[in-house]
Amino acid sequence: MKEKSNKYYMAMREANVPRAPYNIAPIFVERAHGALITDVNGKEYIDFGGGIGCQNIGHCRKEVVSAIKEQAEKSTHTCFHLAMYGAYVELAKRLNGLTPGNYPKKTFFVNSGAEAVENAVKIARYAKKRHSIIAFENAYHGRTYMAMTLTSQAMPYKRGFGPFCPEVYRLPFAYCYRCPLQMTYPDCDIRCAQLLEKLFVTSVVPDDVAAVIIEPVQGEGGFIVPPSEYLKRIQSICQKHGILFVVDEIQTGMGRTGKLFASDYCDVSPDIILTGKSIAAGLPLAGVTGKADLMDIPHVGGLGGTFSGNPIACKAALAVLDLLDEELLGKAMSLGKRLKEAFLEFQKRFEIIGDVRGLGPMVGMELVKDRKTKEPAVDETTKLIRRCCEKGLIILSCGVHRNFVRTLAPFVITDDQLERGLGILEEAFAELSTV
Ligand code: PMP
């Protein structure tokens, strides 16, 4: 076996790492730059997966790498609770200014999206002195116990891991392609938002509910974009009952939908907003930002963690925010436009594509065996993803049925890389239809 090849590492992986941490591409990375990944065998891949949405600004952007190196030479970790550093508070200030909502805010940092979700629940329960949390069908909020409980995809996230946390209630999401009420937008007048009021009758009184947590566009659930008024309707019901409105922008934030935050599309003002993934270009960092008075309610020492808000990650995030300017967001929008246009073209040719949807460059296709019955084309999706990888395109699936092909490509992808990637995808679809 060739030393340090994919095969070499794969044998080592199988012998030493459990099977549960899944792998999409059976490759080991040598290096990644922009929207290209090179494996240890020297094969190059176009990256439509962006480290599952962590590389919006592109792999190894030189400004970010310099910030990381510079900080690494000064200090790698002192623990914010023990000896503070400027990058943490500077980043908090930046996020307080950039996140939606024109009111004083405060931010603190943790290591992952799931941890940000856990902390939002802690703050909401503490502040409201209420226990219950409402989440949505198809939601994804992470793999720790509360985050996993809030997640609404049984496989692969929940199987065998129960019992889950108590006092979590669930509401159907505005999934128009598979409407929970079998209605059609806009005639439906977004009746599904009213199901929240129904939940207060059938399942939990609003006085017991601390927070509603929502993704403005459901990510892992299948890039489900609700009608633009939906979030506002949900928020106004929350306001009526004194329930906190927590927006999980871990996947949708940092420009992924073409605006800095997806909430910017729908004029909502979250009590708490969560960021992660692309915020530090792949370094482990997530932010919990909220209304200042709310964030100051938990007592001193009640929130935190050893590595939380690591200085290298904070410096990387500051560099990311400098790069995410109007120009790059404009590029993100053009990328989204081109992807959507190509996918709609594919849909005309390939029966298997039941729906094309997304917001900005957070776009993809739901694959079905039959456009009328909408039976999910699960095996075909898996086959397509695998075939793309063999041909040199890394692309991911998602969706409760795992039948959605999604793109999370870095915004810096070149036109040539983008067209080559689309070409591979088209070939893979054509092969699927001929089998
Ligand atoms: N919330 C959302 C919306 C996510 O997409 C994810 C990750 N896919 C998480 C939370 C969890 O983040 P992490 O994997 O960093 O814990």
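Analyst: Helices (H or I, at least four residues) and strands (E, at least two) are DSSP runs, numbered from the N terminus. This is a predicted model, in which local features need pLDDT of at least 70, side-chain atom pairs count only at pLDDT 80 or more, and totals for chains, interfaces and linings use all residues. Residues are numbered from 1 along each chain as its sequence is written, and side-chain values use heavy atoms, with hydrogens and water left out.

User: Which residue does a cis peptide bond join to Pro156, and where is Pro156 placed?

Analyst: The partner is Met155, and omega of this cis bond is about 0°. Pro156 belongs to helix α7, residues 154-157. Another cis peptide bond runs from Tyr185 to Pro186, with omega near 5°. Pro186 sits in the loop between β6 (168-171) and α8 (195-202).

User: How are two packed helices described?

Analyst: One gives the angle between their axes and the distance between the axes. Axes are lines fitted to C-alpha atoms, for helices over the stretch in contact, and angles run from 0 to 180 degrees between N-to-C directions. Angles under 35 degrees count as roughly parallel, over 145 as roughly antiparallel, 65 to 115 as roughly perpendicular and the rest as oblique.

User: At what angle do helices α13 and α14 cross?

Analyst: Helix α13 (residues 378-390) and helix α14 (residues 415-434) cross at roughly 135°, and their axes come within 9 Å. Therefore α13 is oblique to α14. The crossing is right-handed; a crossing is left-handed if the near helix is turned anticlockwise from the far one by less than a right angle, and right-handed if clockwise. Contact means heavy atoms within 4.5 Å. On the α13 side, the contact includes Leu384 and Arg387, and on the α14 side it includes Leu425 and Phe429. The residues of this contact are seven nonpolar, no polar and four charged. For these classes, Ala, Val, Leu, Ile, Met, Phe, Trp, Tyr, Cys and Pro count as nonpolar, Asp, Glu, Lys and Arg as charged, and the others, Gly among them, as polar.

User: How is α12 oriented to α14?

Analyst: The axes of helix α12 (residues 326-349) and α14 come within 11 Å and cross at roughly 20°, so α12 is roughly parallel to α14. This crossing is right-handed. Among the α12 residues that meet α14 are Leu339 and Phe343, and Leu425 and Phe429 are among those of α14. The contact has nine nonpolar, no polar and four charged residues.

User: How many disulfides does the model have?

Analyst: A disulfide is a pair of cysteine sulfur atoms within 2.5 Å. The count here is zero. For Cys54, the nearest cysteine sulfur belongs to Cys60, 13 Å away. For Cys188, the nearest is that of Cys176, at 6.2 Å.

User: Is Cys188 buried or exposed?

Analyst: Buried means under 20% relative accessible area, exposed over 50%, partly exposed in between (1.4 Å probe, protein chains only). Cys188, at 10% relative accessibility, is buried. Cys54 is buried as well, with a relative accessible area of 16%.

User: What is the phi of Lys129, and where does Lys129 lie?

Analyst: Lys129 is not a glycine, yet its phi is positive, about 55°. Lys129 lies in the loop between α5 (113-128) and β5 (132-136), and is exposed at 71% relative accessibility.
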